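Please open the model in a viewer and keep the selection tool at hand.

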Amino acid sequence: YLQPKASFGLNGALLKRKDSFWALHGGINSESWNPLHDKAIKSPYSLEKRTGKSHHKAHFMKEVGLTFDSSYPLVALMGDLGAYNRPGDNLERILEILFQLDAGFVVIGKKNRLIMEKFKSEKQKSFLDTYFHGKWMYTDDEGEENLRKILGAANLLLLPTPHKEFPFL
């Protein structure tokens, strides 16, 4: 992934940051996680049949109450955000900035419950309703069917910390 052909021209930037990211060397299990045959995905899709992706994304957004412009990317944020909430860090402010992007966000994971509850605290409720209403959601449902729905709808997957227990690895 650090070679010019494998990095789509980003090898210089990737080499500078090589100690701060990781990759799935073996990839995903493309047979069991194939969106063309996955029963959790409402509109199957593939590289050849791409319209199903936008249909599934729109269905998922409606199901969970996300109302942002569906032409914007949906980012699934899966991992332990607590690793980024050390003394001196301001994770709530980082989330505020992140959620201002023209994108929607699904934050996943039981370990993130306290962080997201603090973020949604009463003192920030009007701020969130005004600026981020319908742009993000949190779920602690890490069940495989829910992950399949989310990953089938997401345009980007962010894993802030390496996690070896995800079923799709």
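Throughout this tour, contact means that heavy atoms lie within 4.5 Å. This is a predicted model, in which local features need pLDDT of at least 70 and side-chain atom pairs count only at pLDDT 80 or more, while totals for chains, interfaces and linings use all residues. Residues are numbered from 1 along each chain as its sequence is written, and side-chain values use heavy atoms, with hydrogens and water left out.

**First stop: the sheet**

Select the four strands, which form an open sheet in the order β3-β2-β1-β4 with parallel pairing. Helices (H or I, at least four residues) and strands (E, at least two) are DSSP runs, numbered from the N terminus, and two strands pair if DSSP finds at least two bridges between them. At the edges are β3 (136–139) and β4 (156–158), each of which pairs on one side only. Strand β2 (residues 104–108) runs parallel to β3 and is joined to β3 by four bridges.

Now select β3 alone. In a regular strand the side chains alternate between the two faces of the sheet. Trp 136 and Tyr 138 lie on one side of β3 and Met 137 and Thr 139 on the other, and all are buried. Buried means under 20% relative accessible area, exposed over 50%, and partly exposed in between (1.4 Å probe, protein chains only).

**Second stop: Tyr 138**

Select Tyr 138 in strand β3. Tyr 138 has a relative accessible area of 18% and therefore counts as buried. Which residues is Tyr 138 in contact with, leaving aside its neighbours within four places in sequence? They are Val 107, Gly 109, Lys 110, Asn 112, Arg 113 and Met 116. Of these, Val 107 stands opposite Tyr 138.

Two polar contacts may be displayed here; the term denotes a pair of N or O atoms within 3.5 Å, where within protein one must be able to donate a hydrogen and the other to accept it, and residues adjacent in sequence count only if both atoms are side-chain atoms. A polar atom of the Tyr 138 side chain lies 2.9 Å from the backbone oxygen of Gly 109. The backbone nitrogen of Arg 113 lies 3.2 Å from a polar atom of that side chain.

Select Phe 99, Phe 105 and Trp 136, which form one aromatic cluster. Rings of Phe, Tyr and Trp (its six-membered ring) pair if their centres lie within 6.5 Å; planes under 30 degrees apart count as stacked, over 60 as edge-to-face and the rest as tilted. The structure holds two aromatic pairs. In the pair of Phe 99 and Phe 105, the ring centres are 5.0 Å apart and the planes stand at 40 degrees, so this pair is tilted. Phe 99 and Trp 136 have ring centres 5.1 Å apart and planes at 25 degrees, so they are stacked. This second pair links distant parts of the chain, with Phe 99 in helix α3 (residues 91–99) and Trp 136 in strand β3, 37 residues apart.

Finally, select helix α6 (residues 144–153), where eight of the 10 residues are buried. The elements covering these buried residues include α2, β1 (74–78), β2, β3 and β4. Within helix α2 (residues 51–64), select His 56. His 56 counts as buried because its relative accessibility is 1%. Among the residues that His 56 touches are Lys 149, Gly 152 and Ala 153, which belong to the buried residues of α6.
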